[in-house]
Amino acid sequence: MSKLFRAVIMGPPGSGKGTISERIAHSFGLKHLSSGDFVRENIAAKTEAGVQAKTYIKKGLLVPDLVMTRLLLPRLEEMTKYSWLLDGFPRTLAQAEALNSACDLDVAINLNIPLETLKERLRHRWIHPPSGRVYNMCFNPPRVQGIDDITGEPLIQQEDDRPEALVARLRHYKDVAKPVIDFYKAKGILYTFSDTETDQIWPNISTLLSTKIPTIQSDARCASTH
Ligand SMILES: Nc1ncnc2c1ncn2[C@@H]1O[C@H](COP(=O)(O)OP(=O)(O)OP(=O)(O)O)[C@@H](O)[C@H]1O
Ligand SMILES: Nc1nc2c(ncn2[C@H]2C[C@H](O)[C@@H](COP(=O)(O)OP(=O)(O)O)O2)c(=O)[nH]1
């Protein structure tokens, strides 16, 4: 059986998961799977899980574990031939356990970014809700202020990116993420990166992955010739 590379990326809101995932996908040819995108696709397609998820998202809540795993695990089954990086899942220990029963992970990337940095970044975050595209007015601004580059539609700022809401979100994140981090630490696949800048973290992640991915993919090539 061919050995593919499987990773997750974790971190609080604004820690750079989306930004770093895009770089990883681009540099290493992995599929970037975003749980938020899956949720939005299911909502748009009005699947049963999507309809359920929508009621929670409207209230600014996380989608319950059971709905989330029902929505996500079938998508992973479609990816059995690919190496991937999963962004935004797992967020809870129950989700980590469900993922663990479905596949073996090679690496769990954990982004550890100071609170003040997160607040500052999210203050400048603007999103295009239909696509999930994220901009930062300082770091990666759109070509025209307030307008999505691709569709020309308006960008919005999420209510829960405001500094007051963010502190509560981050506290909640820490409580829920701690058991997930401990779970991956115990498995020996946790790699934590701490800095205030994505551009400082990125070379370290890139070095880590280049020690892991070529070996695994050359195994895959050998296996596939048999
Ligand atoms: N693993 C998950 N568990 C529960 N709910 C999820 C999960 N992933 C996504 N969601 C739901 O989908 C919404 C959109 O997810 P997405 O990751 O795009 O944005 P987000 O929560 O603003 O993330 P961040 O602020 O970390 O970038 C979330 O707010 C949440 O309600
Ligand atoms: N100033 C600054 N902004 C950054 C850096 N890395 C990412 N950003 C921006 C992009 C987004 O607007 C915001 C959050 O990044 P993101 O990739 O959406 O994070 P996440 O919520 O997916 O974890 O911060 C960075 O290194 N510096």
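**Reading contacts, cores and a ligand site**

Trainee: Which residues does Arg40 touch, not counting residues up to four places away in sequence?

Mentor: Contact means heavy atoms within 4.5 Å, and on that reading Arg40 touches Ser34, Pro129 and Gly132 once residues up to four places away in sequence are set aside. This is a predicted model, in which local features need pLDDT of at least 70 and side-chain atom pairs count only at pLDDT 80 or more, while totals for chains, interfaces and linings use all residues. Residues are numbered from 1 along each chain as its sequence is written, chains are lettered from A and ligands numbered from 1 in the order in which they are written, and side-chain values use heavy atoms, with hydrogens and water left out.

Trainee: Where does Arg40 lie, and is Pro90 buried or exposed?

Mentor: Helices (H or I, at least four residues) and strands (E, at least two) are DSSP runs, numbered from the N terminus, and Arg40 lies in helix α2, whereas Pro90 is in the loop between β3 and α5. Buried means under 20% relative accessible area, exposed over 50%, and partly exposed in between, with a 1.4 Å probe and protein chains only. Arg40, at 34%, is therefore partly exposed, and Pro90, at 5%, is buried. Leaving aside neighbours within four places in sequence, the contacts of Pro90 include Val8, Met10, Leu99 and Tyr184.

Trainee: Which residues have the most contacts inside the largest nonpolar core?

Mentor: A nonpolar core is a set of buried Ala, Val, Leu, Ile, Met, Phe, Trp, Tyr and Cys residues joined through side-chain atoms within 4.5 Å. The largest one here has 30 residues, and those with the most contacts inside it are Trp84, Leu86, Leu99, Leu105 and Tyr184. The largest share of this core, six residues, comes from α7. Apart from it lies another core, of 23 residues, among them Ile9, Leu166, Ile201 and Ile205.

Trainee: Which residues come nearest to ligand 1?

Mentor: A residue is near a molecule if one of its heavy atoms lies within 4 Å of it; of the 18 residues around ligand 1, Lys17, Ser35, Gly88, Arg91 and Arg169 come nearest. A polar contact with the ligand is a pair of N or O atoms within 3.5 Å. A backbone N or O atom of Gly88 lies 2.8 Å from a nitrogen atom of ligand 1, while a polar backbone atom of Leu61 is 2.9 Å from an oxygen atom of the ligand. The unreviewed UniProt entry lists, for "binding site", residues including Arg40, Leu61, Gly88 and Pro90, although such annotations may be inferred rather than shown by experiment.

Terms used:
A polar contact is a pair of N or O atoms within 3.5 Å; within protein, one must be able to donate a hydrogen and the other to accept it, and residues adjacent in sequence count only if both atoms are side-chain atoms.
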